[in-house]
Amino acid sequence: MAKGKDVRVTVFLECTNCAVRNGANKESMNIGISRYITQKNRHNTPSRLELRKFCPFCYKHTIHGEIKK
């Protein structure tokens, strides 16, 4: 079987609020970025995945978007 054409792929979800804050403010390294690892079905969800997850750095539920590995 071909390993490259798997239907279920592993994706990384990153907090959009933390990514915006860290991109604009490079000198404060104490702020982290919340990331989650999950799987998605490539045939059912061809577009990028976005889920509301809890961010421990923002202390609230925010939108976590799919990023490249």
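Reply: Start with burial: buried means under 20% relative accessible area, exposed over 50%, and partly exposed in between, with a 1.4 Å probe and protein chains only. This is a predicted model, in which local features need pLDDT of at least 70 and side-chain atom pairs count only at pLDDT 80 or more, while totals for chains, interfaces and linings use all residues. Residues are numbered from 1 along each chain as its sequence is written, and side-chain values use heavy atoms, with hydrogens and water left out.

Me: Why is E66 called buried?

Reply: E66 has a relative accessible area of 16%. The limit for buried is under 20%, so E66 is classed as buried.

Me: Where is E66 placed, and which residues does E66 touch?

Reply: E66 is in strand β4, residues 60-67; strands are DSSP runs of E with at least two residues, numbered from the N terminus. Contact means heavy atoms within 4.5 Å. Not counting residues up to four places away in sequence, E66 touches V11, F12, L13, K40, S47, R48 and L49.

Me: What makes K40 and E66 a salt bridge?

Reply: The term requires a side-chain nitrogen of Lys or Arg within 4 Å of a carboxyl oxygen of Asp or Glu. In K40 and E66 the closest N and O atoms are 3.1 Å apart, so the pair meets the definition. K40 is in strand β2 and E66 in strand β4, 26 residues apart, and the pair links distant parts of the chain. K40 is buried, as is E66.

Me: How many salt bridges does the structure hold?

Reply: There are 2 salt bridges. Another pairing of this kind joins the side chains of R35 and E14, at 2.6 Å from N to O. R35 lies in strand β2 and E14 in strand β1, so this pair ties together parts that are 21 residues apart in sequence.

Me: Are R35 and E14 buried or exposed?

Reply: R35 has a relative accessible area of 51%, so R35 is exposed. E14 has 13%, so E14 is buried.

Me: How do you know that β1 and β2 pair?

Reply: Two strands pair if DSSP finds at least two bridges between them. Strand β1 (residues 8-15) is joined to β2 by 7 bridges, and the two run antiparallel. E14 stands opposite R35 in β2.

Me: What is the strand order in the sheet, and which are the edge strands?

Reply: The 4 strands form an open sheet in the order β2-β1-β4-β3, with antiparallel pairing. The edge strands are β2 (35-41) and β3 (50-55), each of which pairs on one side only.
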